[in-house]
2 protein chains.
Amino acid sequence: MNYSSLSKSEQKDLLTSLQKEYETIKACGLALDLSRGKPGADQLDACMDLLNALDANSDPHAENGFDCRNYGLVDGIPEAKKLFADLFGLREDEIFVGGNASLNLMFDTLARAMLFGVLGSERPWGKEPVVKFLCPAPGYDRHFRVSQTLGMELVTVPMTPQGPDMDVVEELVKDPAVKGIWCCPKYSNPDGITYSDETVKRLAEMKTGAKDFRIMWDNAYAVHDLYPDKKDQLADIFALADAAGNRDRIFYFASTSKISFPGAGVAIFAASKANLAQILPYISAQTIGYDKLNMLRHVRYYKTAENILKHMELLATYLRPKFEIVLSTLDRELGNTGCAHWTKPNGGYFVSLFVKEGCAKRTYELCKAAGVKLTDVGATYPYGKDPHDSNIRIAPSYPSREDLQKAMNVLTLCVRIAVLETMVKE
Amino acid sequence: MNYSSLSKSEQKDLLTSLQKEYETIKACGLALDLSRGKPGADQLDACMDLLNALDANSDPHAENGFDCRNYGLVDGIPEAKKLFADLFGLREDEIFVGGNASLNLMFDTLARAMLFGVLGSERPWGKEPVVKFLCPAPGYDRHFRVSQTLGMELVTVPMTPQGPDMDVVEELVKDPAVKGIWCCPKYSNPDGITYSDETVKRLAEMKTGAKDFRIMWDNAYAVHDLYPDKKDQLADIFALADAAGNRDRIFYFASTSKISFPGAGVAIFAASKANLAQILPYISAQTIGYDKLNMLRHVRYYKTAENILKHMELLATYLRPKFEIVLSTLDRELGNTGCAHWTKPNGGYFVSLFVKEGCAKRTYELCKAAGVKLTDVGATYPYGKDPHDSNIRIAPSYPSREDLQKAMNVLTLCVRIAVLETMVKE
């Protein structure tokens, strides 16, 4: 039943009974975590053979004869470029292979922009009176934090089921102070939305006031499908940008963080050759080269893009039951209450829960007091402030299924209590 | 015989005969490289068991229970901190363990200073009208390039056998625009000089105009002794800085690049807790963590600082004969000619050759035409300009002994020709 159709006294009775249930659970002293998109140990165990791909008897040379143990090859080994070009549908000569974290490549990219500008900048972004960056929200807190740390002004863009609201984006980018936009275009963090072809096309083609506008295209979940028969397809932004003469607009990022090991994977950056020619001298001042043995380890282990896709199917078998626990619990406990709605993604790492406006913080506090840690409420919005106090990011990957079920029971109970608390006051 | 004591016609005859010798060698079509301080394949082969230290059956957890495969622990795993604290004589709680390259940590450190300032800065360095950085020269070209890339003004400080000329340094640092100094304090690149206790003390204690002055203490060759019975001792700059209340002045860097693999080692940064508290929020915006499995691999393989020192003794057995080839050839071919003098380091990766003023570039060109690549002449000075056109950095580690001997024969021949060419014109 929809809680708003209950009488005030029915709402109060229900609240009292839920509060009793809550006190019982609270007494259990749970310690559960739904806060971060970390792969579970089961997934990581399934990648352990990667560590056997290089041993003391391995040939440490790349296919071009370069000794991967030694200094050099700042842009990565050729076979790693080929593997990731195949996997992500990129051009080998537009790929830069970096260290273990695409976030690091993204931060460095924008730090460079602030210090030196990007291709086509009239001056370093740091010399501009103000740099604004578009943040589709709900979005990834660490994206927003990079821009905020670098002193940029964060401009919220609402998300739609097709991606960022492009009417809003097209209007905002007329401002030359708007230098870029953060995008997690496939199975977006946290909504699990894949940008529609129309959205990608409009991003690639739109006219921008800034000549040096950049799209931070973080394709973090490029091959992270949950269901073999329901795979979202993301349009090729480079191809669409080409048609509009905007290839230089795209800064593309991806990594194996949720393919192999989050702590010890390989990250890549892709951009037009003109962009790379502007960037590489700075990276060459920053380092003599990233870890080439780890690149080689990944290439020797996975060998082909096809094998990586097979591996992702295996990992999905660990993730799928967890998403099913989340979605079925939400359905069962909140389905007809009118307390919340949520996304049902085909991939990625999150379910985005929208509770009744003004109830997210209270839900978070109730969960916390009962031993269930959620992603900080507001984290999915610029400056950590959800204007509707509604969005809660659920990250089901890390806990065991048993713990996840317990945590979801607590979460849905807390949502109902938080919503009823506001209703009885109305 | 000293060439300057020869008559003009004797000089001409000698030059003609050396030129004939040169033409014969040139015809051989050599392709030899003395340019970069890369370990030789023999050294890298001696480290291959490192790759067996982690395999599919290994426990991937750090001693604090953290799963090194997953996200997190931005400052590194505790056992890596302990190992490097023991090895370099640092405090565990002042160590940050990073990725594979200390150069990357150094660049990021100064990029952060430009963007945000350091502890005690009134504003980001990038907002200052000018930032000057002291560059003891001859020095490491990549240090100078970091500062130059970041838009700093490079100020040359002459090197003495005790380290940077401290009378000059103490005078220059009175200028508040001077924000720091590059130091490679042990077996310096390229001179192989270890700073005297007096030099380290004066660096630690000197009064600086800038309140946020920093010493970039790149202890790249901390444990890189060549001879078991001739080990240079470097004073503890943290202890000396403490005595003067200047602990925050020190940014300390080191790595296993020339201990394990240059392309896949582990780099560390050490600084006071107050410095780390200012820095860590920025690094936490930049990355979720560096490669913890590679940290664990190094800890599991080396286990103790003592074992690393033993390993360095083994590596020295590969390097020593190469240094002996360089030094004995210099002695034999240039010893009494007055054409050059050179350093005789007890460790590190280089011999610094000083040819007669105005003859280094010509030597470089002669070598190049005969198929021997040297480090770019001038590279060891700010802006790549050696005011005396005299210094040539010899890097003996990479070529085989046979190739090294050939290259040294060519180099010393070219030095003699270059010097005689100027003499016959005088």
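This is a predicted model: local features need pLDDT of at least 70, side-chain atom pairs count only at pLDDT 80 or more; totals for chains, interfaces and linings use all residues.
Chain A contains 13 helices and 13 strands. Along the principal axes, the C-alpha trace of chain A spans about 75 × 55 × 35 Å. The radius of gyration of chain A is 23 Å, which agrees with the value near 22 Å that a compact globule of 426 residues would have. Of the 426 residues in chain A, 54% are buried. Among contacts in chain A with a separation of 6 or more, 76% are accounted for by residues 24 or more positions apart.

An open sheet of eight strands is present in chain A, with mixed pairing and the strand order S2-S9-S8-S7-S6-S3-S4-S5. The partner of S2(A) is strand S9 (residues 267-270) of chain A, and the two pair in the antiparallel sense over three bridges. Within this pairing, Phe96(A) has Phe269(A) as its bridge partner, and Val97(A) is bridged to Ile268(A).

S9(A) is also joined to strand S8 (residues 250-255) of chain A, by four bridges and again with the strands running antiparallel. In this case Ala270(A) of S9(A) stands opposite Tyr252(A). The side chains of S9(A) are divided between two directions: Ala267(A) and Phe269(A) point one way, Ile268(A) and Ala270(A) point the other way, and all are buried.

Helix H5 (residues 141-149) of chain A lies across four strands, namely strand S3 (132-137), strand S4 (153-160), strand S6 (178-183) and strand S7 (214-218) of chain A. The angle at which H5(A) runs to S4(A) is about 160 degrees. The loop between S3 and H5 of chain A holds Pro138(A), which is joined to Ala137(A) by a cis peptide bond with omega of about 5 degrees.

A further strand pairing in chain A involves strand S11 (residues 351-355) and S13(A), which pair in the antiparallel sense over four bridges. The bridge partner of Val351(A) in S13(A) is Ile394(A). From strand S13 (residues 391-394) of chain A, Asn391(A) and Arg393(A) point one way, while Ile392(A) and Ile394(A) point the other way. These four residues are all buried.

The loop between strand S12 (372-373) and S13 of chain A contains Tyr383(A). Tyr383(A) is not a glycine, yet its phi is positive, at about 60 degrees. Tyr383(A) is exposed, because 12 other C-beta atoms lie within 10 Å and the exposed class covers residues with 12 or fewer. In chain B, Tyr383(B) is located in the loop between strand S12 (372-373) and strand S13 (391-394) and has a positive phi of about 60 degrees, although it is not a glycine. Tyr383(B) likewise counts as exposed, with 12 C-beta neighbours inside 10 Å.

A cis peptide bond is also found in chain B, from Asn189(B) to Pro190(B), with omega near 5 degrees. Pro190(B) is placed in the loop between strand S6 (178-183) and helix H7 (197-205) of chain B.

Chain B is superposed on chain A by a rotation of 180 degrees with 0.0 Å of shift along its axis, at an RMSD of 0.0 Å. This is the relation of a two-fold axis. The interface comprises 47 residues of chain B in contact with 47 residues of chain A. On the side of chain B that touches chain A, the elements giving two or more residues are helix H2 (41-45), helix H4 (102-116), helix H5 (141-149), helix H9 (273-286) and helix H10 (292-302) of chain B. H4(B) gives the most, with six residues. By class, this side of chain B has 25 nonpolar, 13 polar and nine charged residues. Of the interface residues of chain B, 100% are also interface residues in chain A, so the copies meet through the same surface.

Notes: Residues are numbered from 1 along each chain as its sequence is written. Chains are lettered from A and ligands numbered from 1 in the order in which they are written. Two residues are in contact if their C-beta atoms, placed from the backbone, lie within 7 Å. Ala, Val, Leu, Ile, Met, Phe, Trp, Tyr, Cys and Pro count as nonpolar, Asp, Glu, Lys and Arg as charged, and the others, Gly among them, as polar. The radius of gyration is taken over C-alpha atoms; the globule rule is 2.2 Å times the number of residues to the power 0.38. A residue is buried if 20 or more other C-beta atoms lie within 10 Å of its own, exposed if 12 or fewer, and partly exposed in between; C-beta atoms are placed from the backbone. Two strands pair if DSSP finds at least two bridges between them. Axes are lines fitted to C-alpha atoms, for helices over the stretch in contact, and angles run from 0 to 180 degrees between N-to-C directions. Copies are superposed by least squares on the C-alpha atoms of residues with pLDDT of at least 70 in both.
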